[in-house]
Amino acid sequence: MKRLAQLIQRLPLIASLTLLLCLPAWGDTQRPFTIVILHSYNLEYDWTAEIHAGLFDRLKTLVRPRLVCTEFLDWKRFPSEALIQNLASHLADKYAGIPVDVIIASDDKALEFAARYRQQLFSDAPIVFTGVYEEAVPALTAGQDRITGVYENQDVKTTIRHALSIQREARAAYIISDMNESGQAVEQKLREALNTIAPDLPVHSLSDNPIGVIEKIVSRFTTKDLLFIGSYSIDAEGTTYTGETLISRVATAARTPVYVLNTHHLGTGAIGGHLLSPYLLGSVAGKLAIRILDGEQPNRIEPVATGVYLPRFDWNAVKRFGIERLPPGSRLINREDPFFVRYRSQSIGVSLAFLVLLVFIYILYLNVRRAKRLAQDLAMRNGDLQTVTQELEKSEERYRLAAVGSNDAIWDWDVRTGVIHLSDRWFDMTGYPVAAQSNEGLEKIVHPDDKKHFVAARDRYLEAKEGFFREEIRIRCASGAWKWISVRGKAVWEQDGNKIRLAGSITDIDERKQTAEKVENLAYYDQLTSLPNRAMARVFTAQALEEEEETNALLFINLDDFKDLNDTWGHALGDKLLIRVAETLSSLVNERIRIARYGGDEFIILASGTNAAATDKFAQLVLRLLGRRMEIDGRTHYLSVSIGIAMYPDHGDSFDELIQKADAALHQAKKEGKKRYCFFDTRIQEELRHYVAIESALRNAVDNNELYSAYQPQVDILTGKIVGFEALARWNSFEHGEVSPGVFIPVAEATGQMDKIFSFILNSVFAFIKRGSNLGYDSFEVSINVSAIQLEDEEFVPRIIRTIAEQGIPPQRICLEITESLLISRMERTIQKLQSLRDAGIRLALDDFGQGFSSLSYLNQLPVHYLKIDKVFVDDILTGENTRILTQNIIILAHQLGLTVVAEGVEEQEQIKYLRDHTCDIIQGYCYSKPELEERALAKLELSFNP
């Protein structure tokens, strides 16, 4: 009997599913998707309700019919394994024989349930989770595959920074959260983040106190106490509350703002923070589910934790605590609208009533005046009759003059006789003789491509018998040239519906059309090369991608070292080279190859209906063609290009996605040595993501006090005493930990952040020198590396001279290290700038000598004091005979030119002995000391490093 009752209960669901699966759904013969949503909690909790709303709003965008089934574990109120077993048994009957396409699970217990019973209950469907901490996923899913989702990672760091910016005099921090596993996980994240961001701030937990005790404690707080609440719906005594009751009680009692982590905690009296939005968690999870339903493999969809935060604050709490400044970009809830916004409908109603009254008064006034005028008009009627007669006599003459003076030609077609009358303007416009009046109309001289549209427009109008018809067409003039005209006409019908006359005007729009074509050419074509430009590339790429069955390749081409060529030979020759490149690429164009100039020295090739193997060969062809010798203005030039390649649909399904991926592959080709091509792959994407993450974090590194200076001693090889230090930039990132200078310095140079980092290091060096002087060490120098980008700035030299003078530092205690490759590429201008620095008393060093660009011939031209032999060169002096000979001669030549020789990267005693025997002056390297922080570096000034 029980099984029969269950079967009867399932009959409506089975019937509806059978109908949907067996019958076409509104013309769609595919069966509807079956989506099962599992919620750990019920909709009484705002958290679950908002996740559910986000899911459903996203799933509504599905075009194909779907059946969405929602189940609630209600785990927060009934955390019982028996409940889970009963639910599994119930669902086994409910979903028996029903194919499930995807499971969406919100929060931990639902994900665990889905993974545990997916094969038994839900057709082994893929799983999309949401609202689950990243570290909890492996244990909940037991390592199963075809699972992706959205992590619940509250942005505790940003919320803490917001709190510290609002309550700048904070003396302690307090945390409240549920005592269960998830609540304590949030509390631990808050504690760790506070220890990182504000290590001197005491942190206390109130979570193990009943709500009544917590209310008494927070009622004694002041605005110097920070109060954070994680997830809080279960009292420490075990009582479960619906809604956000506990947070509301704490916020009401507290005498300090309460910061929360989730959007549904707002409206309780809490002030807010950088909040995790359960609605966005649901929406993003729904988006991932749609991707799976569209055929994407779940294992290829990485779980995400972005796009789910909102900076929100409660205006009532802001007013309550008199807060005057909120973090930039903050949004407010509960803010009162201005008077006219709150009473908008009433204001509009009163205004309309007043306006109607004014209109009524004005109409009454006009009627009074009209009555007076009518009396006067009746008296003048007889006199006007004679005037009207005279005007009628003149009307025909006026019409003739209007037709002559107008820019339009007038035409009149008598349908009964077939005669078409054309005004003189028509013959001026076309060049035909007046005798060319005919019965054939415009159709005889209309351009073949326009004739069909013209006749169709006219026939549609005549069939509709209302309005007028208008069409823009080209006609052949007497000279044989084509001209654009706009034809406008209206018909007259008899009572029986037969047309008797058709007349109208013809306007010469040829000049306007030509102007429009020029504007379109400017908008969609590059004026230098006549190739399609970036906008047109977007258009023809979108057209090609509409052919979904085809595979397309986007090749992103960049000329190597084109800027140097422009700087050397001038922009006129550079333009000629670009034109030659465009001509070469144009020779490849066919029905499947489209090209465009993307901008500057960048070009795009779109190859349609291809594959990776064919694209590989095509890229080789492009490299060969563009690498050929070019004769321009009597000079021979050899170009090289780098190419990045993205494939549709593997790497993207839009122009923006493909160009982004191709650009990433292009950068990889540049990194690998240029003059090559590179296909996009996930490794490049990961490197690009890492690059972007480093760039983003680096922009705030100085403001967040993440940068610091380390000082490596430079030791006189004869006395063993420290004579100077090299200041080195170091970065301890909050997000990435210690980041190597080899990683972040290139990023800083590429993104224009070197000047900011250099200023920070320079100010640190000033403080270092002053502190050393206060301790009695007033002779050592400090070297600072200068990047190529900085030295190219025309303001760099005068700015650093001025800054050193303002700080009161003797200029001879500052040494700027310039890389050898920079000097060679900008020799003449660089020497002038270096001479200005030397004249100001600043010491100069030629860094990285021997790294591969060495030219002894230019040493006597450089106004430097030091020559630094690179570590790569030093490493080989004990084993390489040629290296030893070169080292000896470099030292001898440098001494003859009056330069002091510094060997850097020295790590072995044998290297020190060799350099001492060959009269090297200064040693720098780990053999004496690694780079040290300021205090430890100054302490080493007392040491002697001689054995």
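The model is predicted, so to speak of local features a pLDDT of at least 70 is needed, side-chain atom pairs count only at pLDDT 80 or more, and totals for chains, interfaces and linings use all residues. Residues are numbered from 1 along each chain as its sequence is written, and side-chain values use heavy atoms, with hydrogens and water left out.

Let's begin with the sheet. Its five strands run in the order β2-β1-β3-β4-β5, forming an open sheet with parallel pairing. Helices (H or I, at least four residues) and strands (E, at least two) are DSSP runs, numbered from the N terminus, and two strands pair if DSSP finds at least two bridges between them. β2 and β5 sit at the edges, each pairing on one side only. From one strand to the next, the twist averages 15°.

| Element | Residues |
|---|---|
| β1 | 33–39 |
| β2 | 66–72 |
| β5 | 147–151 |

β1 and β2 share seven bridges, and H39 has F72 in β2 as its bridge partner. Helix α4 (residues 108–121) lies across β1, β3, β4 and β5, at about 160° to β4. Axes are lines fitted to C-alpha atoms, for helices over the stretch in contact, with angles from 0 to 180 degrees between N-to-C directions.

Now for the helices: the axes of α26 (residues 796–807) and α28 (residues 827–839) come within 10 Å and cross at roughly 10°. That makes the two roughly parallel (under 35 degrees; over 145 is roughly antiparallel, 65 to 115 roughly perpendicular, the rest oblique). V797, I800 and I801 of α26 meet K833, S836 and L837 of α28, where contact means heavy atoms within 4.5 Å.
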